[in-house]
Amino acid sequence: MERRVRRMNLKKLVTAAVCTMLMAAVAFTAGCGGEKKSDKKVLKVGMECAYAPYNWSQTKADGGAVKIAGSNEYAYGYDVMMAKKLADSMGADLEIHKIEWDGLAPAVVSGKIDAAIAGMSITSKRKETVDFTKPYYYATVVALVKKDSEQAKAQSVADLKGSVATSQLNTIWYDQIDQVPDVKKLPAIDTVPGMIVALTSGKCNLIVTDIPTAKAAAFANPELTVLNFEEGKGFKTSREDVEIGIAVKKGNTELVKAMDAVLEKMTAADFDKMMDEAIKKQPLAQ
């Protein structure tokens, strides 16, 4: 009798062990299935979210804005419109990261973000640390001044002689200031809103920037005007000064090709149309 009980106990133990193994196998299989469900690609894009009309932040998801990672705010603007277009073409979810201008390239290099779509000129210096796509915008360099100032009468860069000028930190615009004769060049400013305040408050009487930024500022501030001089009388720029590209990590040819496949189908007119839409939608314009 005692032997039969022992045999029955042994049978129960074996059965229990088999059941445990089967349950573990099922759990492992379920886990694998769960991982596959979360395999959708995510395109992580960095921008300042404070550089209208290229990009800005807002409190609601109005107009197709995208939530900023780790924030209760949303990002929108030309760069977000373009990022959404690119992410959709790749079948990826778009994730926007708010990063200060000086931190964008390092974030790309470190892999924190996949790309910086932030109105960045394709310069030789930047190419030393990151790769670029084809241009996603062409930005002429212009002057932004107050309508009631002496500078507003200028017909050329030479006519801006003696101006007090500034622009944004680490941009090609700040270097262009040197073309103004006898200019008093103030230290560069971290953000676009900051440099607009410098102009409207009278700290300076000239801002050198690109045409989208200038048009957006004038659209939002009626007391400002854009000086886009005739050919030969404006700021002298190189091709790399006006070609705006998307920065990606060096060697990431797959991402560059995927984005270029979309950009090469678009024309300068397509870019301008999208930019005009962004200018009209910027928060300060409402």
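Trainee: Is C49 buried or exposed, and at what relative accessibility?

Mentor: Buried means under 20% relative accessible area, exposed over 50%, and partly exposed in between, with a 1.4 Å probe and protein chains only. C49 has 2% relative accessibility, so C49 counts as buried. A caution on the source: this is a predicted model, where local features need pLDDT of at least 70, side-chain atom pairs count only at pLDDT 80 or more, and totals for chains, interfaces and linings use all residues. Residues are numbered from 1 along each chain as its sequence is written, and side-chain values use heavy atoms, with hydrogens and water left out.

Trainee: What is the phi of C49, and where does C49 lie?

Mentor: Most residues other than glycine have a negative phi, and most peptide bonds are trans. C49 is not a glycine, yet its phi is positive, about 60°. C49 sits in the loop between β1 (42-47) and β2. Strands are DSSP runs of E, at least two residues; helices are runs of H or I, at least four; both are numbered from the N terminus.

Trainee: Which residues does a cis peptide bond join?

Mentor: A52 and P53, with omega about 5°. P53 is in the loop between β2 (50-51) and β3 (55-58).

Trainee: What is phi for N170?

Mentor: Near 55°, a positive value in a residue other than glycine. N170 is in the loop between β11 (164-166) and α5 (172-176). At 43% relative accessibility, N170 is partly exposed.

Trainee: Which residues does Y138 touch?

Mentor: Contact means heavy atoms within 4.5 Å. Not counting residues up to four places away in sequence, Y138 touches V242, E243, A268 and F271. Y138 lies in strand β9 (residues 137-138).
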